[in-house]
Amino acid sequence: MVVNSYSFLLFFVVVFIVYYLPVCRKSPRLQNTWLLLVSYVFYGIADWRMIPLLLGATVVFWGLGLMLRNDMDNHRTRRASRLTTLGVVLGIAVLLYFKYLNFFAESLADILCAMGLQVSWNTLHIILPIGVSFFTFKLISYIIEIHREHIMPCRDLTEFAAYIAFFPTILSGPIDRPDKFLPQLQRVHTLNYLQAANGCRQILWGMFTKMVIADNLAIITSNAWTAYDSQSSAMLLIAILLYPIQLYADFDGYSNMAIGVGKLLGFEVNRNFNHPFLARNMAEFWRRWHMSLTGWITDYVFMPLNIAFRNIGNVGIMLAAIINLVLIGLWHGANWTFGVFGLYHGLLFIPLILSGAFGKNKKLKANAYGLPFLKDFGKMILTFCLWALSLVFFRADNLTQAFDFLWATGTNGFAAPLAIDNYSKLYILIALVLLVVEWIQRKQEHALQLQEFRLFSRRAVRFAFYLLIILLIITFTGKSQAFIYFQF
């Protein structure tokens, strides 16, 4: 049941009505209980077999949080540190077992076989829980934040479980931090018109980017990848340049819908994107792309590593950055392609660190015509191309396919890309409109994404624009494609 389906619409109508009934508005606990129930129903529809894992992990980490705080209050520092370590290890163990066990075992077997040692490994049929990469990060950050004394432990199990299983974000994020989300569960939510209107606008824009842009571009890029050995280099190059827009429209579309649904229930969900294609280097790009993941890894991995390596200067910063990006790559899946993807981005940080540009965040300015300066525009194009190249490894099934695709891009000849028909040209044009909207919306970089859709100041023009978006969704919705980040 995906957020852009009729089944989700019916599901959410029931959730919404009951959530705002007078009986539920009597206390936060009643609303949280209903929210928890429907979140488990939603997750169970996705994969009911994983409900015991989600429930068990939630109870264990809730108990760990209480014990950790008790030890801290009683100055049992060593025991508190051990409990924190235990929490982090348990969260990582869940990820390693369900997501990476087969990958590491098969890789080890391949290495031993290459050395002449014959080993046999029967692949375990381990089910990958949907959303495991997202809810385990919530659990780990909860324990760490208690240990850092940034939050108090949640004593209400229902409240904590509702945070972990919050249905709009459990499948593909954003990854909400406990210090921002848990306080929202401690108050009664009443329907706020302005917040709900903003949520509806964000849902509408998310549906447009996903159903009109991403799903239609997926047809073009999938055709190129399916038969890349027989496609012209021009077609493969077009596919390389379109896939970043497809991925962004797909993932940002989901994020916008999840944030919008959260707003309709009275919650402010963590923002996930900040106009990434306006970035002028890869460090700035990662500050704008999948911000909830990048921020999580930066706070809990990069900063501790940077402190640990501070005695070796720029070399330490480079090592921390490379490890950080490799982990971000491998977070996406158990495949060497994601490791290379992360390493590639880590290496791109080296010239930024050596030049002193790393960590600087100069404000993006426009010229007298409202357009980016030529120097900034050139940097944006270069950053986009570097990102597009890395996504060949992100998109490929294995390293062999990635390198074969790149080889075909350079050697198949630049004949006209016959696969681009008139409809495909229209979809590409609509996709480019997305980038124009990104530029117009840049002034809201410090506000919640699309909190106020200010492309037009006059109400009549705004509603005409919303109507146009709805008509485009009805007219050009492509063949439904699964959200790309569901696999992570």
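Guide: On a 1 Å grid over the protein atoms alone, a pocket is an open set of points where a 1.4 Å probe fits, with protein on both sides within 12 Å along at least five of seven lines; lining residues have an atom within 4 Å of a point. Grid points are joined across faces, edges and corners, and a volume is the space filled by probe spheres set on the points. The model before you is predicted: local features need pLDDT of at least 70, side-chain atom pairs count only at pLDDT 80 or more, and totals for chains, interfaces and linings use all residues. Residues are numbered from 1 along each chain as its sequence is written, and side-chain values use heavy atoms, without hydrogens or water.

Visitor: How much space lies in the largest pocket, and which residues are the closest to its centre?

Guide: Rolling a probe the size of a water molecule over the atoms shows where empty space is left. Here the largest pocket holds about 520 Å³. Its lining has 19 residues, of which V3, S5, L9, I203 and M207 are the closest to the centre.

Visitor: Which helices each supply at least two residues of this lining?

Guide: Helices are DSSP runs (H or I, at least four residues), numbered from the N terminus. The helices in question are α1, α8 (193-226) and α9 (233-264). The largest share, seven residues, comes from α1. By class, the lining has 17 nonpolar, two polar and no charged residues; Ala, Val, Leu, Ile, Met, Phe, Trp, Tyr, Cys and Pro count as nonpolar, Asp, Glu, Lys and Arg as charged, and the others, Gly among them, as polar.

Visitor: At what angle do α1 and α2 pack?

Guide: Two packed helices are described by the angle between their axes and the distance between the axes. Axes are lines fitted to C-alpha atoms, for helices over the stretch in contact, and angles run from 0 to 180 degrees between N-to-C directions. For α1 (residues 6-19) and α2 (residues 28-47), the angle is about 165° and the axes are 10 Å apart. Therefore α1 is roughly antiparallel to α2, a term for angles over 145 degrees.

Visitor: Which residues of α1 and α2 meet?

Guide: Contact means heavy atoms within 4.5 Å. From α1, F8, F11, V14, V15, V18 and Y19 meet Q31, W34, V38, V41 and F42 of α2. This contact comprises ten nonpolar residues, one polar and no charged.

Visitor: What is the angle between α9 and α15?

Guide: Helix α15 (residues 399-411) packs with α9 at about 130°, their axes 7 Å apart. The angle makes α9 oblique to α15; oblique is the rest once angles under 35 degrees (roughly parallel), over 145 (roughly antiparallel) and 65 to 115 (roughly perpendicular) are set aside. S233, L236, L237 and I240 in α9 meet F405, A408, T409, G410 and T411 in α15. Five of these residues are nonpolar, four are polar and none is charged.

Visitor: Where in the backbone is there a cis peptide bond?

Guide: The bond from G173 to P174 is cis, with omega near 0°. P174 is placed in the loop between α6 (157-165) and α7 (178-181). In the loop between α9 and α10 (282-288) lies H275, which has a positive phi of about 50° although it is not a glycine.
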